[in-house]
Amino acid sequence: MVTVRAPATSANLGSGFDVFGVALDRPADVVHVERADRTTIEVTGVGSQYIPTDPGRNVVGAVAEALDAPAHIRIDKGVRPSSGLGSSAASSAGAALALNELYDRGLSREELVPIAAEGEAVVSGEAHADNVAPALLGGFTVATPERVTTIDADIPLVACLPEIAVSTRDARRVVPETASMEELVHTVGRAATLSVGMCRRDPKLVGAGMDERIVTPARAKLITGYDDVRSAALAAGADGVTVSGAGPAVLAVCGAHARTRVAAAMIEAFDDAGVAARAYKTRVGSGAEVFDF
Ligand SMILES: Nc1ncnc2c1ncn2[C@@H]1O[C@H](COP(=O)(O)OP(=O)(O)OP(=O)(O)O)[C@@H](O)[C@H]1O
Ligand SMILES: N[C@@H](CCO)C(=O)O
């Protein structure tokens, strides 16, 4: 048997739609795999009642098929599904790493990224790699069709998860089909600022680089209370706030000392909008870990 802990992730970071991602040091899924003649799946933990066990509909089924590695796969969910915290990607990345080990396939983590992305295609219709890349490699990742690059950025974060569900498939439908040159120039500037901020481990630059005006405003409308939560986090000392992945989680970057204040302000603002929420005080963390085989 092989067991892997695979972390939650936050994709996009505002200006890096479908490209940027970060691994979070918590929460995480735990994936156990055992050799079998055909793939079977068992799911426990947070939101497991909403996750199919049919290998044709669970992301790990697609990963087992892509690796030609049938197994009994047991997933203990720590990352709630439809959260914007890379729930499906945590399972996909965890299964890819675990099955690679179990069947001794010898693939590198970089080579496992497109395989884990096959799982994402099952749920959102597209094999985007911006969650599975950080879930496998850790740190801040830049995933393009040609390559994935990663840097080990140490940045404090707060991820606030309201008790509403937004599916990635639905959130992709509201993405505008066109953008003006002015909006593109704005986005490039912010994305470059964010990347420099990650390299310098500077939360202020990262926060400034999260500002984005094409995709985020359209998605924010799917999250009850988003504008007030964003304002409350900024007033409490956050350096930047954006929608985490496809939402509904909201991600704030701030100095480590400000995380408790920012988390409390975000929960209170969601509460004022009639939505219960919880917050993870977290930071950019490591990729999936094999811890028992
Ligand atoms: N192993 C799995 N873990 C989580 N969700 C799964 C899994 N297999 C299938 N799903 C389905 O995928 C959907 C959740 O994925 P989705 O991409 O919408 O959310 P997310 O991964 O939390 O979001 P994001 O990618 O924006 O961070 C749910 O419909 C869920 O039933
Ligand atoms: N880049 C993806 C991440 C969510 O899976 C999106 O925002 O749709």
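Which helix gives the most residues to the shell around ligand 2? The points below take up this question after a word on the model.

1. This is a predicted model, in which local features need pLDDT of at least 70 and side-chain atom pairs count only at pLDDT 80 or more, while totals for chains, interfaces and linings use all residues. Residues are numbered from 1 along each chain as its sequence is written, and chains are lettered from A and ligands numbered from 1 in the order in which they are written.

2. Helix 5, residues 168-173, gives the most to the shell around ligand 2, with 3 residues; helices (H or I, at least four residues) and strands (E, at least two) are DSSP runs, numbered from the N terminus. Among the residues that surround ligand 2 are Asp18, His128, Thr168, Arg172 and Gly245, where a residue counts as near if its C-beta atom, placed from the backbone, lies within 6 Å of the molecule.

3. The shell draws at least three residues from each of domain 1 (2-151) and domain 2 (156-283), with bounds that come from an automatic or database domain assignment.

4. An open sheet of 4 strands has the order 8-9-7-10 with antiparallel pairing, two strands being paired if DSSP finds at least two bridges between them. Strand 8 (240-243) and strand 10 (277-283) each have a single partner strand, so one side of each is left without a neighbour in the sheet. Inside the sheet, strand 7 (residues 156-162) and strand 9 (residues 250-253) pair over 4 bridges, and Ala159 has Leu251 in strand 9 as its bridge partner.

5. Helix 10 (residues 259-272) packs on the sheet, touching strand 7, strand 9 and strand 10, and its direction makes about 20 degrees with that of strand 7. Contact here requires C-beta atoms, placed from the backbone, within 7 Å; axes are lines fitted to C-alpha atoms, for helices over the stretch in contact, and angles run from 0 to 180 degrees between N-to-C directions.

6. Most peptide bonds are trans. A cis peptide bond, however, joins Arg26 and Pro27, with omega about 0 degrees, and another joins Gly247 and Pro248, with omega about 5 degrees. Pro27 is in strand 2 (residues 20-35), whereas Pro248 is in the loop between strand 8 and strand 9.

How values were computed:
Two residues are in contact if their C-beta atoms, placed from the backbone, lie within 7 Å.
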